[in-house]
Amino acid sequence: MEREWRFIDQKGREIWLRPARPEDAEGILSSIASVARERSFILTENVGRTVEEEAKYIANLDTQHNLLLVALHEDKVIGGLGASQAGGGKYPKLQHVLEIGLHLVKDYREAGIGSQMLAYAIEWAKEKGFGKLTAQIFTTNRRSIHLFEKHGFQEEGRRKRQYRIGSEYIDEVMMGLLL
């Protein structure tokens with residue numbers, strides 16, 4: 001599945017979902033940095049790649065086993081979803097598992113975009129023959145936990161005090177969906 005999805009979000013904006021292209025590199029890094037500054041939604045605090053490195057990563061991505069999806073509004077990257085084969089595909093015991101993470105910049109949340117992105121990833125995973133999807137989410141990110149639950153993911157466990165943000169310790173929820 002390499003197709004594009006277009007839809008109108010709950011705030012009346014036309015949104016476009018499609019697999020990332022090398023020319024999306026700068027927008028992807030910018031959107032991740034925007035969410036990372038908030039510190040309570042994603043693990044990444046520093047992307048650590050240049051635009052050139054990100055473009056090269058996208059160009060060389062094994063798209064049979066990994067998905068890098070972008071959400072665009074008016075040709076601007078507003079979010080992304082990364083779905084990577086567990087263990088980098090190196091371990092036969094994990095090759096059926098796809099690990100998912102997603103992000104949306106603040107002004108585009110609560111409009112159904114994350115739900116569309118996750119639905120796209122689930123359909124893609126089924127078409128590629130994966131048997132399980134997983135996600136690790138901060139307990140402080142209730143919106144994301146609810147989104148994954150809405151799509152059938154179930155809590156499989158918690159890692160207590162897994163992260164420290166400032167002086168506060170945050171638990172991690174491990175979620176899974178069997179396909």
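Two strands pair if DSSP finds at least two bridges between them. Strands are DSSP E runs of at least two residues, helices H or I runs of at least four, numbered from the N terminus. The model is predicted, so local features need pLDDT of at least 70 and side-chain atom pairs count only at pLDDT 80 or more, while totals for chains, interfaces and linings use all residues. Residues are numbered from 1 along each chain as its sequence is written, and side-chain values use heavy atoms, without hydrogens and water.

**Exercise 1.** Find the bridge partner of Ile 165 in S8.

*Solution.* Start with the strands: S7 and S8 (residues 168–178) run antiparallel, joined by eight bridges. Then take Ile 165: its partner in S8 is Glu 168.

**Exercise 2.** Give the strand order of the open sheet and name its edges.

*Solution.* The order of the eight strands is S1-S2-S3-S4-S5-S6-S8-S7, with mixed pairing. S1 (5–8) and S7 (154–165) each have a single partner strand, so one side of each lacks a neighbour in the sheet.

**Exercise 3.** Classify the ring pair Phe 148 and Phe 153.

*Solution.* Rings of Phe, Tyr and Trp (its six-membered ring) pair if their centres lie within 6.5 Å; planes under 30 degrees apart are stacked, over 60 edge-to-face, the rest tilted. Trp 124 and Phe 130 are stacked, at 6.0 Å centre to centre and 25 degrees between planes. Phe 148 and Phe 153 give 4.9 Å and 85 degrees: edge-to-face. Next, burial: buried means under 20% relative accessible area, exposed over 50%, partly exposed in between (1.4 Å probe, protein chains only). Phe 148, at 2%, is buried. Phe 153, at 3%, is buried.
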